[in-house]
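Trainee: Please take a close look at one topic, salt bridges, and then follow the residues concerned into their surroundings.

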Amino acid sequence: MKKTYKMTIAGLERELPLCPLNEKVSIGAFIMFSDVELTIACAEELLKKCGDFDVILTAESKGIPIAYEMARQSGKPYVVARKSVKLYMTEPLSVSVKSITTANVQTLYLSQEKAEMIKGKKILIVDDVVSTGESFNALGKLVETAGGEVVTYSAVLAEGDSADRDDVVFLEKLPLFFK
């Protein structure tokens, strides 16, 4: 089997390393960290597709570069749902999630201050890749608990069957690689 998968994302060609998920399936590892050119291009293209929103929300950590750059380009604020409670967080809201790329169930947290940024607002949820949709579901629950409204779920890449969803805006389909 090939060790990388070549694809074009937001007009830029990249080679994604193939990583075994289990003995039957590998996934293309899409990592935006350190790829400033790709992050800027993807943010620009996603913003064209996302419509109106007030605040961007992402989960720590791989979604942070795209959320930041979309916030910078749009002039709108962004919020990060954290994976642990920090000392500065007051009365955090929480929700559990099991992602395809993590071994254990994780909990995402929003401080009351960040929840106030979401309350009564139209929220754009963004991530690098949508696979099972569990991270989106968890972020949507946080938005609902905080009193906001999710208007768009967006990701740079939609992996496998998630590309068939009609409730997610994305740039490119990322196939699964079966052995």
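Mentor: A salt bridge here is a side-chain nitrogen of Lys or Arg within 4 Å of a carboxyl oxygen of Asp or Glu. The model is predicted, so local features need pLDDT of at least 70 and side-chain atom pairs count only at pLDDT 80 or more, while totals for chains, interfaces and linings use all residues. Residues are numbered from 1 along each chain as its sequence is written, and side-chain values use heavy atoms, with hydrogens and water left out.

Asp52 and Lys76 form a salt bridge through their side chains, at 4.0 Å from N to O. Asp52 sits in the loop between α1 and β4 (55-59) and Lys76 in the loop between α2 (64-74) and β5 (78-81), so the pair ties together parts that are 24 residues apart in sequence. Helices (H or I, at least four residues) and strands (E, at least two) are DSSP runs, numbered from the N terminus. Lys76 is partly exposed at 28% relative accessibility; buried means under 20% relative accessible area, exposed over 50% and partly exposed in between, with a 1.4 Å probe and protein chains only. Lys76 also lies over the face of Phe53, 4.6 Å from the ring centre. That term requires NZ of Lys or CZ of Arg within 6 Å of the ring centre and within 35 degrees of the ring normal.

The whole structure contains eleven salt bridges. One of them joins the side chains of Glu37 and Arg14, at 3.0 Å from N to O. This pair links distant parts of the chain, with Glu37 in helix α1 (residues 36-50) and Arg14 in strand β2, 23 residues apart. Glu37 is partly exposed at 49% relative accessibility, whereas Arg14 is buried at 19%.

Glu69 and Arg72 also form a salt bridge, with their closest N and O atoms 2.6 Å apart. Both belong to helix α2, where a spacing of three residues separates them by about one helical turn. Glu69 is buried at 5% relative accessibility, and Arg72 is partly exposed at 47%. Elsewhere, salt bridges with shared partners join Lys6, Glu13 and Glu15 into one network.

Strands β1 (residues 4-9) and β2 (residues 12-20) run antiparallel and are joined by six bridges; strands pair if DSSP finds at least two bridges between them. Their hairpin has two residues between the strands, and Ala10 there takes a positive phi near 50 degrees.

A nonpolar core is a set of buried Ala, Val, Leu, Ile, Met, Phe, Trp, Tyr and Cys residues joined through side-chain atoms within 4.5 Å. The largest has 27 residues, of which Leu57, Leu108, Leu110, Ile125, Leu139 and Leu142 touch the most other members. Helix α4 (residues 134-146) supplies the largest share of this core, six residues. A second, separate core of 25 residues includes Ile9, Ala43, Cys50 and Val129. Leu139 has contacts (heavy atoms within 4.5 Å) with Leu57, Thr58, Ala59, Ala81, Leu108 and Ile125, leaving aside residues up to four places away in sequence.
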